[in-house]
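Here is a short briefing on cores, a pocket and a hairpin. Read it with the structure open.

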Amino acid sequence: MASPVFRWLPRLLVVSVGGVLACTASGPSAAPSPSPADPVPVHESFTLESRVLGESRLIHVHTPTPRGYGGEASTSAGPLPVLYMPDGGLDEDFPHVVRAVESLIDLGKIRPLIVVGIPNTQRRRDLTGPTDVASDRAIAPQVGGSAAFRKFIGEELMPEIDRRYRTTPERAIIGESLAGLFVVETLLEEPSLFRHYVALDPSLWWNNQALVGSAARRLQAFDPAPRTLFLASSQDAEIRGGPSELAEVIRRFSPPGLVWRYRPRRDLTHATIFRALELEALESALR
């Protein structure tokens, strides 16, 4: 009953509104494969100087129609929820995720929301936690920086988005492969940071599935605040494992307030699961 997607490619966290995410299957040392050419959606971009990360981070933001939304002069829309996404570059998953979000909004399947995409600088550094496994550490010059990346999102990026746009406290995050690992880690370590979590083919094999091993203890410490989780895995997850084991832990120790769904899809691969399931996942988590 397992089939998670694990993306080993280096990428960053992106916050974006609506669209479609792409994924590729490859080994830990492979270079990123180019995503299909998606039209670049209407968006705004700005650079945020991060004291936490010690670098400048480019941010892309898509606001729903009417296009007048956003900015101090606009009064055409009220405050909106925000969807954040790692792998949020224009040449990453931001364009297709925005397209997916927009289509769901147009169909009345989800409420209008803002999408924030965070392009990658050092993906494997930002989206992984510490590891004791030598082969894990060998995938990049730096790994294990997820705590700092999460702090950047929570303490620097979110306040800046709230300052620039009219937002509600309702926040969501979506990610696949290593970004999916980051999504699950954030749910377990800082569950109040987001209300909605979408993890597609998360790389839960990281550090010998230590995150899965600690899940029961962490879930039992949850407060009863409402949260949603959409977890999915592809046939490739059978090779390394993790998502089905996590789903079993959640089944046994599901905290009050957590509405969750696990979708094992053995008919899909790591390279196809993101685009195949993004509409279903976003609707399930955000409706």
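A pocket here is an open set of grid points with protein on both sides within 12 Å along at least five of seven lines. By that definition, the largest pocket holds about 190 Å³ of space. The model is predicted.

**Pocket**
- The largest pocket is lined by 14 residues, and Pro-130, Glu-185, Glu-189, Asn-207 and Leu-211 are the closest to its centre.
- Helices α4 (146-164), α5 and α6 (206-213) each give two or more residues to the lining.
- The biggest contribution comes from α6, with 4 residues.
- By type, the lining splits into 6 nonpolar, 4 polar and 4 charged residues.

**Nonpolar cores**
- In soluble globular proteins, nonpolar side chains tend to be buried together.
- Here the largest nonpolar core counts 51 residues.
- Val-116, Phe-152, Leu-157 and Ile-161 have the most contacts inside this core.
- Helix α5 (residues 178-189) supplies the largest share of the core, 8 residues.
- Another core, of 26 residues, lies apart from the largest one and includes Val-98, Ile-174, Ile-273 and Phe-274.
- Leaving out residues up to four places away in sequence, Phe-152 touches Leu-48, Ser-50, Val-52, Leu-53, Arg-57, Ile-59, Ile-118 and Leu-157.

**Hairpin**
- Strands β2 (residues 44-50) and β3 (residues 55-62) pair in the antiparallel sense, over 7 bridges.
- Glu-44 has Val-61 of β3 as its bridge partner.
- The hairpin has 4 residues between the strands, and Gly-54 takes a positive phi near 70° in it.

Technical notes:
Residues are numbered from 1 along each chain as its sequence is written. This is a predicted model: local features need pLDDT of at least 70, side-chain atom pairs count only at pLDDT 80 or more; totals for chains, interfaces and linings use all residues. Side-chain values use heavy atoms; hydrogens and water are left out. A nonpolar core is a set of buried Ala, Val, Leu, Ile, Met, Phe, Trp, Tyr and Cys residues joined through side-chain atoms within 4.5 Å. Buried means under 20% relative accessible area, exposed over 50%, partly exposed in between (1.4 Å probe, protein chains only). Contact means heavy atoms within 4.5 Å. On a 1 Å grid over the protein atoms alone, a cavity is a set of points where a 1.4 Å probe fits but cannot get out, and a pocket is an open set with protein on both sides within 12 Å along at least five of seven lines; lining residues have an atom within 4 Å of a point. Grid points are joined across faces, edges and corners, and a volume is the space filled by probe spheres set on the points. Ala, Val, Leu, Ile, Met, Phe, Trp, Tyr, Cys and Pro count as nonpolar, Asp, Glu, Lys and Arg as charged, and the others, Gly among them, as polar. Two strands pair if DSSP finds at least two bridges between them.
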